[in-house]
Amino acid sequence: MFAIPVRLIGPYRAPAPAALSRSFISARYGLRAQGLCLAIAALAFQAHAQNQLGFEQAIRLAETRSRQLGAQTSAAASARAMAAAAAQRPDPTLKLGVNNLPVDGPDRFSLTRDFMTMQSVGVMQEFTREDKRLARSRRFESEAQASEAARALALANLQRDTATAWLDCFYLTRMLDLLAAQGREAPLQVEAAEAAYRGGKGAQADVFAARTMAVQIEDRLAQVRRQLSVARTQLARWIGDAAQVPLPPVPPDLRHLPDHADLENEVQKHPDIVLMARQEDMAQADADAAQANKRADWSVELMLNHRGPAYSNMVSLNVAVPLQWDQANRQDRELVAKLATADQIRAQREEATREHIAQIEGLHQTWQSHRERLARYDASLLPLAAQRTEAALAAYRGGTGTLASVLEARRAVIDTQLERLRLEMDAAQAWAQLAYLIPASDDTPAPHP
């Protein structure tokens, strides 16, 4: 007879390892600051290459490496600069010219002999009305706010995707460790079955059953290795080579979430909804500018005309006014189009709000269900699987059971342990989706209840 060791894997309670340095996370996301962050992150990674890649550190490293955040910051700065420029009056226009210059006869190409010939210098200024200039400025300011909202959306997606990839790597690593431990035991079980068969104490079917179980464990190992490789590749998309650094033995505490009691108001802070609200502001600003364009701007021109010494100099004053003779088909239609665009974006935002509310409620229900199922696994299913294995072993030692029943019970234990890990991984993914609905500020730690 032989003993088959049983290891049940439940929630870890080991103390957390020492956290890696976070000295690089205080940098801002301007273009120069981003380069500084990358340099500091590289130094931090080299200094801690032999340590572990923590959950929050992975998220901070992803923020540091992101170019999308810097691009949106630059877009906001560009729009604000344009807002300041749009609020100003147009530049005056300097006009130089020669009028009524003879091209034939005795006075041809003379600037002084013909009384009609004049050398002109003038200045023309368009007086754009203040409400029109302010409408154009507000439009660019709305664009800047939309870029900031797009940055917040990109940050939330980055934090969520990095958290999900890290958690996938963590739980797949635990699955790999579990199967690797079983894989090391499988040859011993095969040897024991063969020895029992040779000694006349076991059946040949027991040998085949032990070999089958060893091959099945090896096949599962290959499958989990592939999944882990894919997960690390996805994590490397966000944090680069640091994805190959070992992970700590315990995950972050995923038992709590921000309060979503007032879900409808909470959704209004979602970056996707905020971005659509800013786009609606842009469309409304375009409509305001179109409304202001229904009143034409005037231009004033002052010109000094210099003639020959025998003639008097002259001054001209001109006023130009665009004639909006077909407002119904030009300015009015442009205004209608801008207002329709604003209505379209508003309707899309309301529809997106309803969709996000349904998604959040579904994710929260999924997370709660997974937590309840995990408690059931810990309280009942795992202990029952262990007791079944012990009973099968006792029967086998007493000569009343078979090795096949022991191996079947052992397989059930492994399946239950793997199923619990997968359930815990699904719960962690739902947690990441909910925890990063609204991005953590660049200067504050990532959500860690």
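What percentage of the 449 residues in the protein chain is buried? Buried residues make up 41% of the chain, where buried denotes a relative accessible area under 20%, exposed one over 50%, and partly exposed the range in between (1.4 Å probe, protein chains only). The model is a predicted one, in which local features need pLDDT of at least 70 and side-chain atom pairs count only at pLDDT 80 or more, whereas totals for chains, interfaces and linings use all residues. Residues are numbered from 1 along each chain as its sequence is written, and side-chain values use heavy atoms, with hydrogens and water left out.

The protein chain contains nine helices and four strands, taken as DSSP runs numbered from the N terminus (helices H or I, at least four residues; strands E, at least two). Read from the N terminus, the order of elements is α-α-α-β-β-α-α-α-α-β-β-α-α. Of the contacts (heavy atoms within 4.5 Å) with a separation of 6 or more, 82% are between residues 24 or more positions apart.

The four strands form an open antiparallel sheet in the order E1-E2-E3-E4, two strands being paired if DSSP finds at least two bridges between them. Strand E1 (93–99) and strand E4 (314–320) stand at the edges with a single partner strand each, so one side of each has no neighbour in the sheet. On average, neighbouring strands of the sheet are turned by 20 degrees against each other, direction ignored. Strands of a sheet pair through backbone hydrogen bonds, in either a parallel or an antiparallel sense.

Strand E2 (residues 118–127) is joined to E3 by nine bridges in the antiparallel sense, and Val121 lies opposite Leu304 of E3. Strand E3 (residues 298–306) is in turn paired with E4 over seven bridges, again antiparallel; here Met303 stands opposite Ser316 in E4. In a regular strand the side chains alternate between the two faces of the sheet. In E3, the covered face consists of Ser299, Glu301, Met303 and Asn305, and the uncovered face of Trp298, Val300, Leu302, Leu304 and His306.

Asn100, in the loop between E1 and E2, has a positive phi of about 55 degrees although it is not a glycine. Asn100 counts as partly exposed because its relative accessibility is 43%. Phe109 is found in the loop between E1 and E2, and its phi, near 60 degrees, is likewise a positive value in a residue other than glycine. The relative accessible area of Phe109 is 56%, so this residue is exposed.

Helix packing was examined for two pairs that involve H4. Helix H4 (residues 130–198) packs with H9 at an angle of about 175 degrees, their axes lying 9 Å apart. Axes are lines fitted to C-alpha atoms, for helices over the stretch in contact, and angles run from 0 to 180 degrees between N-to-C directions. H4 and H9 are therefore roughly antiparallel; angles under 35 degrees count as roughly parallel, over 145 as roughly antiparallel, 65 to 115 as roughly perpendicular and the rest as oblique. The contact of H4 with H9 has 16 nonpolar, six polar and seven charged residues, with Ala, Val, Leu, Ile, Met, Phe, Trp, Tyr, Cys and Pro taken as nonpolar, Asp, Glu, Lys and Arg as charged, and the others, Gly among them, as polar. The axes of helix H3 (residues 68–86) and H4 come within 8 Å and cross at roughly 170 degrees, and these helices are therefore roughly antiparallel to each other. By class, twelve nonpolar, six polar and seven charged residues form the contact of H3 with H4.

Ala409 lies in helix H9 (residues 403–435) and counts as buried because its relative accessibility is 1%. Apart from neighbours within four places in sequence, Ala409 contacts Arg388, Thr389 and Ala392. Thr389 is 20 residues from Ala409 in sequence, with a C-alpha to C-alpha distance of 5.0 Å. Asp286 belongs to helix H7 (residues 271–292) and, at 21% relative accessibility, counts as partly exposed. With neighbours within four places in sequence left aside, Asp286 is in contact with Arg139 and Lys338. The C-alpha atoms of Asp286 and Phe140 are separated by 9.7 Å, although these residues are 146 apart along the chain.
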